[in-house]
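Here is a short report for a first look. Please view the sequence and the structure before reading on.

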Amino acid sequence: MAKGAISRDDILKTLEEYDDLGRDAFLDLYGYGEASTYLLVHNGREYDSKAIAGVAYKH
């Protein structure tokens with residue numbers, strides 16, 4: 001993935017979808033597993049970093 005391939009808006013949209021669906025449903029929908037090493041933290045909430053980046057890239 002090239003630097004700049006994901007915009008801030010893409011990430012924020014993806015975080016909103018993650019919050020709306022809930023962790024398990026979001027990961028199941030997109031075929032990702034739980035993060036084992038790195039988490040993304042936004043507004044005090046933790047997110048599975050690889051799943052967020054992968055889905056945001058699709059936006």
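This is a predicted model: local features need pLDDT of at least 70, side-chain atom pairs count only at pLDDT 80 or more; totals for chains, interfaces and linings use all residues.

Ile52 sits in helix α3, which covers residues 49-58. Its relative accessibility is 1%. Buried means under 20%, so Ile52 counts as buried.

Which residues does Ile52 touch, leaving aside its neighbours within four places in sequence? The contacts are Ile11, Thr14, Leu15, Tyr18, Phe26, Leu40 and Tyr47. Take Leu15 from that list. Leu15 and Ile52 are 37 residues apart in sequence. In space, their C-alpha atoms are 7.0 Å apart.

Leu15 has its own set of contacts. Neighbours within four places in sequence aside, Leu15 is in contact with Leu40, His42, Tyr47 and Ile52.

## The nonpolar core

Ile52 and Leu15 both belong to the largest nonpolar core. This core has eight residues.

Which helix gives the most? That is α3, with three residues.

## The hairpin

Strand β1 spans residues 39-42, and strand β2 spans residues 45-48. The two strands run antiparallel. Four bridges join them. Across the pair, Val41 stands opposite Glu46 in β2.

Two residues lie between the strands of this hairpin. Asn43 takes a positive phi near 50° there.

Note on methods
Residues are numbered from 1 along each chain as its sequence is written. Side-chain values use heavy atoms; hydrogens and water are left out. Buried means under 20% relative accessible area, exposed over 50%, partly exposed in between (1.4 Å probe, protein chains only). Contact means heavy atoms within 4.5 Å. A nonpolar core is a set of buried Ala, Val, Leu, Ile, Met, Phe, Trp, Tyr and Cys residues joined through side-chain atoms within 4.5 Å. Two strands pair if DSSP finds at least two bridges between them.
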